[in-house]
Amino acid sequence: QIPKDPAQRRVRELAMLSQQLQQVHPNVLAKVLKQGTLYQNEEIVVINKPYGLPVHGGPGIKNCIADVLPILAKMLENMKAEPLHLCHRLDKETTGVMVLARSKEVAEKIRLLFKTRQVEKIYWAISLGDPDPTEGTVEIPIVEKEVRSHQSHYKMTLAPNYRLSPEDGKVVKIRKNRNAESAVTRYRLLAKSSACSLLELQPITGVKHQIRVHLAYGLGCPILGDHKYSHWSKLAPQKLPEITLKRLKLEQSKARHLPLHLHAHRLSLPLGEQIDLVCKPPLFFQKTLKKLELDVAND
């Protein structure tokens, strides 16, 4: 049955959308991506990645961005074109700026720019709670660990190089975890209201799920709709504060349908000249900002 409440209907639509993206014909998907083209020149095509669409294929994934790149290339170039190439990746649930290269050489060049941290990436996220201090840098290595619970699963987590000594509360260096990758995220509070915040994030490194882990476990402010990183030992829907539920017109029992509010807002690419690419958040993200009264000065 269809929920009467508009917010719950919207949340349900998004969950459905993710499923529908797996059922549409690849040509239709390529068309959606073409309509979301933000920028193109002779070297690159920049798209606005939709919510719920994986970049790569895998078990149970019929549709992904990688598979429709040949179709998209033809649509953009009136039928005669080499397939486009991926230069970097975004999580399935992340939306926003994504760069594709028109040739293998350009793709290699851009991958190297990402690897050598010459690409400036700015994300927006709505988080639960607000970080203290309101601006800073999280620099804690990240490692993948198995969570042993009734439903064993893997998660990325923090592997700090320091801890507080129980005797005197002083900071002590501890032995480095050999498998951990160093991870650095700058963050800044843009607005806060309704027990939530709008944060601007700049990942300096590119570790898997870095922003999500640094916010949830480093700052204690998990991203709204991040059900995976809102708890450690279990797989369960995120628990939301009363005021947030009220503003979103959502019941806690329906919180599991809330989408991840993480958006690749801006990308600055030094390709001969500095190419600045900006993509405004998707409609569901904008609506959440409105409902939570998170007013952001338009930059």
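The dialogue below treats the cysteines and then the largest pocket.

Mentor: This is a predicted model, in which local features need pLDDT of at least 70 and side-chain atom pairs count only at pLDDT 80 or more, while totals for chains, interfaces and linings use all residues. Residues are numbered from 1 along each chain as its sequence is written, and side-chain values use heavy atoms, with hydrogens and water left out.

Trainee: How many disulfides does the structure hold?

Mentor: A disulfide is a pair of cysteine sulfur atoms within 2.5 Å. The structure holds 0 of them. For Cys64, the nearest cysteine sulfur belongs to Cys87, 16 Å away. For Cys221, the nearest is that of Cys196, at 9.9 Å.

Trainee: Is Cys221 buried or exposed?

Mentor: Buried means under 20% relative accessible area, exposed over 50%, and partly exposed in between, with a 1.4 Å probe and protein chains only. Cys221 counts as buried because its relative accessibility is 2%. Cys64, at 1%, also counts as buried.

Trainee: Where does the largest pocket lie?

Mentor: On a 1 Å grid over the protein atoms alone, a pocket is an open set of points where a 1.4 Å probe fits, with protein on both sides within 12 Å along at least five of seven lines; lining residues have an atom within 4 Å of a point. Here domain 1 (1-116) and domain 2 (120-294), with bounds from an automatic or database assignment, both give residues to the lining, so the largest pocket lies between them. Its lining has 32 residues, with Arg89, Leu90, Gly206, Val207 and Lys208 nearest the centre.
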